[in-house]
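Here is a short briefing to read alongside the structure. We begin with a pair of helices and then move on to the chain around them.

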Amino acid sequence: MVEFTKSINNKIGLHLRAAGEFVKIAAQFESEITVYNGERYANGKSILGLASLAAAKGSALRIAIDGPDEGEAKAALEKLIDDKFYED
Amino acid sequence: MRSNRLRKIGNGPKNGLNGPPREKREIRKNGISASPGIVIGKAFLKDSELLVVPTTKIEESQVEQEIEKFLLVLSETKKGLLKLRTNIADRMGDDHARIFDAHLMILEDVMVVEDTVALVRKERLNAAAAFQRVVNRVMTSFDKIEDDYLKDRYVDIKDVKRRVLRNLLGRSKGTIDRPTEPSIIVAHDLSPSDTAQFDRRTTLAYATDLGGSTSHTAILARSQGVPAVVGLEDLFGRVETGDAIVVDGNTGTVVVNPDPGTIADYQAEIKRFKELEDQLLTLTHYPAVTLDDKEFSLCANVDMPEEVASVLEYGGQGVGLFRTEYFFISQEQLPSEDDQYKMYRMVAEKLDGRPVTIRTIDIGGDKIVGYLNRSAELNPFMGWRGIRFCLTRKDIFKTQLRAIYRASAHGNIKIMFPMIVQIEEVTKAKEICAEVRQELKKDRFAFNEDVEIGIMIETPSAVAMAEALAKEVDFFSIGTNDLIQYTLAVDRGNSKISHLYQNLHPSIIRFLKKTIEAAHKRKIHVGICGEICGDPMSVLVLIGLGVDEFSASPNMMPEIKRIIRSVTYDECKSLVRRVMRYRTTSEIEREIEDFLKARVPSVREIERTPR
C-alpha cells in the first residue's frame, strides 16, 4: 500500500474530462486505487465517482494505492497530475 | 384578434382521446418560437412512463442470480446503445452519434457497477432499486458541482438510468419511448440522443419546457422543418400523452385541450398559412427584384449541412450566414480540423457553386460550451465571445480557418468574423488568415487564395467606424439581433423591457443607413442577417436603404421575396426619406404600416402574427 497527497492545479479541477484521463490511466493497473478529497473518497477507476468528489482547482487529493503494481501506478498518476491532465 | 374567444374555458364534449372523459380545461402557454409552422395533434410525452421501481428484499439464494441479471442487462443496454449509435452515425453522421459516448461511459463506470453489486449482495436489495440508489447518489453529488459540461451530462445520466431500469424491470418490449403514430413531442427537455431517435415521419412538432431559440431542439426542428416552441417552463406537467394540443411555432404559443372554437381558429390559420406558403413557393424560381428592376440577393441562415436542401427548395441564392456554433456545441470535444473541413466542404458542395459565408465561431453570449472550460460570466453578451474568444484561443481559431480554407477548394466560400469592435481585431484576424494560407501552402493543400473576408457589423462601435472598417474587408453583414440589443441596451428575454426592443427605432434606422452607405462608398457588398428580415416593415426600410443582400431562415425567404417583388426601389427610398424625419418609433411604424397596407396588401392580410 502506498499513499501520496497532491494538489491538482489544472484549470478547473477534477471535472469530468480530467476524471476521464485519470481513469484511463488508473484502469491500466491491477491495484486498487482510492482517491480522497477531505472526507469524501471515490474509486479511482470510476469517472463518475471522481467527478462527484467535486475537487476544485487547488484541492489536495490523497491517493491510496494497494496492489501488486502500486509503485508504477503511483508514478503514472503523479505524472498525470503534474502534467495538469494534459489540458493545455 | 381572437383572444377573447380563446381564453374561454370550454365545457363542450371532449373527444375522448385519453380514456374516460374528464373535464379538461383549455390551457394556453407562451414560450419561445423556435421553428415556424402550426400543427394540431396528439401529445406524446417523452418520459411519460413513470418508472415505478419496486424495492424488494431478495432471498439469499437469489443474490447471485440477481447480480447476473443486472450484469446481463447492462451489457444488453450497452449493445442496444451501440446499435443505436451505429444507426444514427449512418443516418446523420458520426457527430450526431457521438452523444452516445457519454451514455456508454456511464454504463461502463466501475463505481456504478460495483456499488450496485455490493448493495445487492450486502443489503439483498433487488438490482433495480440498488442501481437507482447508486445513480441517484451520483446525481445528487453532481448538484453541488460548478461544471457546465457535467451539468450538460445530467440529461444523459438520466437517460441511461431509465434505459437500464426499463430493461431490468423487463418492460422494454411493452413500453414505447417513441410515438407509433404522428404526434407532437412534449418533453421537459430533449437531449440530442432523444431527438435523434424520433422518426421524422411521426414527429409533427416539438414543445419543451426548457431551451432557447439556439438550443439543440430549436436548431434540429428548424433543420427538419417541423414547428417547435421551447421555453414553455411548466408545460410538461400539464399535459398527458394523448391530449389534443396545438403548437404554434409562428407565435410561440401552445394550447393544450383546445376548445372546439380554438381548433377551428387554428385550422383556419393553418389553411391560410398553407395557402400563403404555396403561393410564396410559386415565387421560388423568380428573382428577388423590385418592380423597377432593382435586384437583391436572397440567402439563408443555417446551422447544419442538412438545412441546405431547404435553402434550395425555398429558392435561396446561397447561404448568407453559416453559423458554426452548433457544430461545436453538439460535440463532446473540440471538432478536429478534418471533421470541420468535411462539414464545410459538404455545405459548399451541396450549394453547388452558390456562395456560403462561414462565420467563425461565436462562442459566448448565450452559447457556452462545457469542454472549453469556460466559467459562467456575469454578463456574457458583453463578455469573452466572438472574435475576442478567437484571438485569445488562436489554436481553435486557426484550426477552424485551416478547415474553411481547405474547403474553399470545393466551392464558393467566404469567411466572416463576428463581434468586431475595433479595427485591430480585423487586422489581427486577417494576419492569422495569411498565416494559415502560408501553412496550407507548405502542407500542400489546395485552397482558394482569394477567399473573401468580411465582418459582422453588430456593435455600435463597428457602425461608428464603418468607413474605416470597410477599407479592411470585402463585405459587411449587419447582425441586427445583437446590434439592436447593444444599441438600445435591451435584453429581449427580459419581459419587463422587451417592448423596448424595436427594429424600427430611429437610431437603428440611422445605424443601418450609415453602415450601408459606408460599405457602398468603399464599393463593398453589404448584407443583413437577423430576425429583422422576418418583419415586413423592416424589409421595406432595408430595400429603401439599398442593402445588397437579405439573409434569413430558409422558410422566411419566399415572403421577403414577395415583398421585394411588390414594390419599387424608388418608392421605398422615398419612404425611408420620410421616416428619417420622425423622432419616434411609433410615428415611423405608422408611416410604414400605411405604406405596407397600400402597396403590399396581401402580405399584410395574411400576416401570421396576431397582435
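In this predicted model, helix α23 (residues 569-579) of chain B and helix α24 (residues 585-599) of chain B have axes that come within 10 Å and cross at roughly 155 degrees. Angles over 145 degrees count as roughly antiparallel, so α23(B) is roughly antiparallel to α24(B). The crossing of the two helices is right-handed.

**Where α23(B) and α24(B) touch**
- From α23(B), the residues in the contact are L575(B), R578(B) and V579(B).
- They meet I588(B), E591(B), I592(B) and F595(B) of α24(B).

**A look at helix α13(B)**
- Helix α13 (residues 337-351) of chain B has 15 residues, which at 1.5 Å a residue should span 21 Å, and its end C-alpha atoms agree, being 21 Å apart.
- Its buried residues are Q340(B), Y341(B), M343(B), Y344(B), R345(B), V347(B), A348(B) and L351(B).
- Those buried residues pack against helices α11 (308-313), α12 (325-329) and α15 (394-407), and against strands β10 (319-323), β11 (355-359) and β12 (412-417), of chain B.

**Chain B as a whole**
- Chain B has 25 helices and 16 strands.
- Of its 611 residues, 44% are buried.
- Among contacts in chain B with a separation of 6 or more, 70% are between residues 24 or more positions apart.

How values were computed:
Residues numbered from 1 in each chain as written. Chains lettered and ligands numbered in written order. Predicted model: local features only at pLDDT ≥ 70, side-chain atom pairs only at ≥ 80, totals over all residues. Axes fitted to C-alpha atoms, helices over the stretch in contact; angles between N-to-C directions. Helix = DSSP H or I, 4+ residues; strand = E, 2+ residues; numbered from the N terminus. Parallel < 35°, antiparallel > 145°, perpendicular 65-115°, else oblique. Left-handed = near helix turned anticlockwise from the far one by under 90°. Contact = placed C-beta atoms within 7 Å. Buried ≥ 20, exposed ≤ 12 C-beta atoms within 10 Å, placed from the backbone. Expected span 1.5 Å × (residues − 1).
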